[in-house]
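Please read it with the structure open beside you.

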Protein chains: 4
Amino acid sequence: MIKEGDKVLLYGEDGSKIIIRVEANKKKGTHLGHVDMNDIIGKKYGEQIVLGRKRRVFYLLKPTFIDLIFSMKRRTQIIYPKDASYILFKLDIKPGDRVIDTGVGSGAMCGAFARIVGKEGKVYGYERREDFYNLAKKNLKEWGLENFVELKLKDIANGFDETNVDALMLDVPDPYNYIQQCWSALKGGGKMGIICPTTNQVQEVLERLYEMPFIEVEVWENLMRRYKPVPERLRPFDRMVAHTTYLVFATKVNSKIGGVFDE
Amino acid sequence: MIKEGDKVLLYGEDGSKIIIRVEANKKKGTHLGHVDMNDIIGKKYGEQIVLGRKRRVFYLLKPTFIDLIFSMKRRTQIIYPKDASYILFKLDIKPGDRVIDTGVGSGAMCGAFARIVGKEGKVYGYERREDFYNLAKKNLKEWGLENFVELKLKDIANGFDETNVDALMLDVPDPYNYIQQCWSALKGGGKMGIICPTTNQVQEVLERLYEMPFIEVEVWENLMRRYKPVPERLRPFDRMVAHTTYLVFATKVNSKIGGVFDE
Amino acid sequence: MIKEGDKVLLYGEDGSKIIIRVEANKKKGTHLGHVDMNDIIGKKYGEQIVLGRKRRVFYLLKPTFIDLIFSMKRRTQIIYPKDASYILFKLDIKPGDRVIDTGVGSGAMCGAFARIVGKEGKVYGYERREDFYNLAKKNLKEWGLENFVELKLKDIANGFDETNVDALMLDVPDPYNYIQQCWSALKGGGKMGIICPTTNQVQEVLERLYEMPFIEVEVWENLMRRYKPVPERLRPFDRMVAHTTYLVFATKVNSKIGGVFDE
Amino acid sequence: MIKEGDKVLLYGEDGSKIIIRVEANKKKGTHLGHVDMNDIIGKKYGEQIVLGRKRRVFYLLKPTFIDLIFSMKRRTQIIYPKDASYILFKLDIKPGDRVIDTGVGSGAMCGAFARIVGKEGKVYGYERREDFYNLAKKNLKEWGLENFVELKLKDIANGFDETNVDALMLDVPDPYNYIQQCWSALKGGGKMGIICPTTNQVQEVLERLYEMPFIEVEVWENLMRRYKPVPERLRPFDRMVAHTTYLVFATKVNSKIGGVFDE
């Protein structure tokens, strides 16, 4: 039952998506007509509301986390669902895990980790820019995830406060400068994921990784292609996102014997 | 501290991976030499063991879920990490969710759901072949996830026992025959993901979806490309997995106005 | 030496491309300033002209065939260089070949064939719409290729006038309806290429191909990805063309033994 | 009519391909049975021969250039049809062109150029290794293209003998070391294509290109995906070639104003 204060995704009959917070006696103007929030209160998710004489329809949905991050306020490059989901899986994130995320940016990845690690785990979010720090704080509160994340306004050049974390995600412009700090924060066998939009960053990161006790070094990129869902003319959309970032993964070990041995 | 009964991933200096269950006074023969399990007990993850005169090295790692599904006994096509992770994210799986998975096959996707929904959620796994049912039971036990999954040896032609589930994954040879049963099991706004290896299956599934109250119908495919992690000669591997499956997603609504309106 | 009547590609210092036909005593207004064509006459390809006080630069280039087709008047979907070039190679087009192209559309593919088959070969272009026929005629003349192409305003339902052609390209909305006509026109061992934008068309075309004596049946798609040519931040462009068409190829044989035997 | 001395592609009913040179009174053993060449002489392309009691069938085809390069003797990495065809199109190769190809390797790209430039054009092939030089000579003769190619056993460090060539292809391990030599050989507005298997080579090549008067600098990669040609289960093959090379293109101009201006 939808009630005041809930976030609701209005999914229009034309495929449009609008996220609102339900407030009694308020109206929201949209391209399909005015939505009277009193009409929403008491309805269930999956039901519809019909607007005006033209009887335009909105379906009432609970926003998914993907809906939330695409509609959030942000000032940074968003992490794409295709990359966020693969990182969660490769870093083997599960309830109870302790995870470092840096830089936090708008907080989307912090939120993605937080939803899974839950109240028995913890996400430590490091961000050195105050505006991003405040934005992420706001976004995480908005998503109801603020209790699972400890945000820190802090430069990582001098390392992290935590040790023995299960996993760490590094998303900064110069990731090759923090490989040692990351190694120190991870537990033995802990997993690291690194965002590298350019091939040059991948090259430099790999060089640094091979200087430290890291194994299982992998580099991936992920091309998601979407199809027009028309059964009698099934074909991909004309254009697609061709590139977001390369993903570098590595596993910490305590010490390493000589030589690069990953294929 | 590694102890008897633990599963340990031996990660060889040559990139090889072997998963063992630690038993005192046992040995395991490998291509790098004999591993004496007594040498492992008491060590920590991230440490190494050194074998024989040639001093070949294995690192001791806790297997990730990806490691486990790639090493499990299976008789079915495996679901790839690239697809499994995207499904988890698109179906918005989180702790506490109730999820249906059918057909269960070797149990990998059941396990992936179970790890996240945790003890406050539940995975309902439907499988009609007894050999797969038994195999999945064994695999889930092996992974310590059997308490989060209720496995059922049952045909889904007559529908599911559950209603109001948060999400449902359909992975059977003829998915277009079960769209109505899936709709009935989902809650309003619930998410469905469908595995369709061929374009013909996608076409038939789309036709059925448009006959029912489903919205947000999307079709995706996911091309993961891996790079040789060599900093001075960075380039993709020569060959890659070109196709596993198309992924169809849809959201249940309670009723639908006329016409196909998804783009 | 550039002279009156030549087509010249003005390649701007900002990467812009403008194709002009040089006429004495004429000016062409552009976003970089006015181009006085008298300044171009007598210059060589590869030289530059400098415009006005701001000294903006255009390089003088001879337009390539790709430049020409991207700048031509057209009313149809263009064939992309990635697809056109692959078709030329798979159909094994060489000087002296006799080739059928249908439907002709704006004439780009006719032109691509004509440039290679040369004066000892011939391209037969079939088009049933008069507006396209006229447009193609105009474009081919524009490119100086009209003598190598015999354009026909004609429906192909009743077959082609030619037999024993070396190769044939079929680019119509319902290619599956003309497979027999194509077979009749080809020589033994002749090559056919078919444009199929949707998976449904591919499926229908394959069914028809297997009913006739065709072998070497292949289906391809071609994903070209372009990179930002910045050495210190090398990475793909953010977006790319995700789909133009599937390409189906087949080879005519005179008769066929039973069964589908292509892998 | 097939006669002695012709090269014939035997295309087996199982999709196998064998290229033979027809000689009277000779037999060729194959996995489908013994082929008596006397049975081939006098037949036409597109016809079939039937072998032995099991009545296995071979179709008689004229080998395409793709067939020839895949069956040639080679000691180098082959250039793939997807790349070769795109290079021909981007370099705007047409009858009468003068083209440099270096390094020649097995001669496949020389042959691809030669087939198009014809007897009014010329291909200049530079190769510094004698074994490759001899191999390419042999292959070109085999393909009947030796008269269109002038092969030179020569290092390109001191430049090329030709000037004002229409196009040039550079395929050596250290392409960044020869950019100036290439510039000198090209005519104004001439096109260059460079093979760069690694991102590091692309980066170095781009740096050198920007130091010289080159414009229209582009970097591409080409992903060809093949589908199983089964109409009722249409889907890509499971695996594909993920990478062969990056392709860098550039156009020579006579002099250049300051700064990198390609996007």
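1. A salt bridge here is a side-chain nitrogen of Lys or Arg within 4 Å of a carboxyl oxygen of Asp or Glu. Side chains of opposite charge can pair when their charged atoms come close. By this rule, D:Glu218 and C:Arg226 form a salt bridge, with 3.6 Å from N to O.

2. A word on the basis of these values. The model is predicted, so local features need pLDDT of at least 70 and side-chain atom pairs count only at pLDDT 80 or more, while totals for chains, interfaces and linings use all residues. Residues are numbered from 1 along each chain as its sequence is written, chains are lettered from A and ligands numbered from 1 in the order in which they are written, and side-chain values use heavy atoms, with hydrogens and water left out.

3. How many salt bridges cross the interface of chain C and chain D? The rule finds 10 there. Chain C and chain D also have 23 residue pairs in polar contact, both residues being at pLDDT 80 or more. A polar contact is a pair of N or O atoms within 3.5 Å; within protein, one must be able to donate a hydrogen and the other to accept it, and residues adjacent in sequence count only if both atoms are side-chain atoms.

4. Which element gives the most to the side of chain C that touches chain D? Strand E12 (residues 214-228) of chain C does, with 13 residues. Helices (H or I, at least four residues) and strands (E, at least two) are DSSP runs, numbered from the N terminus. Sorted by class, this side of chain C holds 36 nonpolar, 14 polar and 22 charged residues. Ala, Val, Leu, Ile, Met, Phe, Trp, Tyr, Cys and Pro count as nonpolar, Asp, Glu, Lys and Arg as charged, and the others, Gly among them, as polar.

5. The extent of this interface can be given in two ways. In residues, 72 from chain C and 73 from chain D take part in the contact, where contact means heavy atoms within 4.5 Å. In area, chain C and chain D bury about 6500 Å² between them, with 63% of it on carbon and sulfur atoms. Buried area is the accessible area (1.4 Å probe) that two parts lose on being put together, summed over both.

6. Nine bridges join E12(C) to strand E12 (residues 214-228) of chain D, and the two run antiparallel. Two strands pair if DSSP finds at least two bridges between them. One place to look is C:Glu221, whose bridge partner in E12(D) is D:Arg225. Strand E12 of chain C also contains C:Glu216, which has a positive phi of about 50 degrees although it is not a glycine.

7. How are the copies related? Two copies of a chain are related by a rotation about an axis and a shift along it. The same surface serves both, since 100% of the contact residues of chain C recur in chain D.

8. Now take chain B and chain A. The contact takes 72 residues from chain B and 72 residues from chain A, and the two chains bury about 6500 Å², 63% of it on carbon and sulfur atoms. Between them there are 10 salt bridges. One of the salt bridges joins the side chains of A:Glu216 and B:Lys17 at 2.8 Å, N to O. Strand E12 of chain A and E12(B) pair in the antiparallel sense over nine bridges, and A:Arg226 stands opposite B:Trp220 in E12(B).

9. Over all chains, the whole structure has 108 salt bridges. One within chain A joins A:Lys7 and A:Glu142, with the closest N and O atoms 2.9 Å apart. A:Lys7 is in strand E1 (residues 7-12) and A:Glu142 in helix H4 (residues 130-142) of chain A, so the pair ties together parts that are 135 residues apart in sequence.

10. Last, check the backbone at A:Thr102 and A:Gly103, which are joined by a cis peptide bond with omega of about -10 degrees. A:Gly103 sits in the loop between strand E7 (98-102) and helix H3 (108-117) of chain A.
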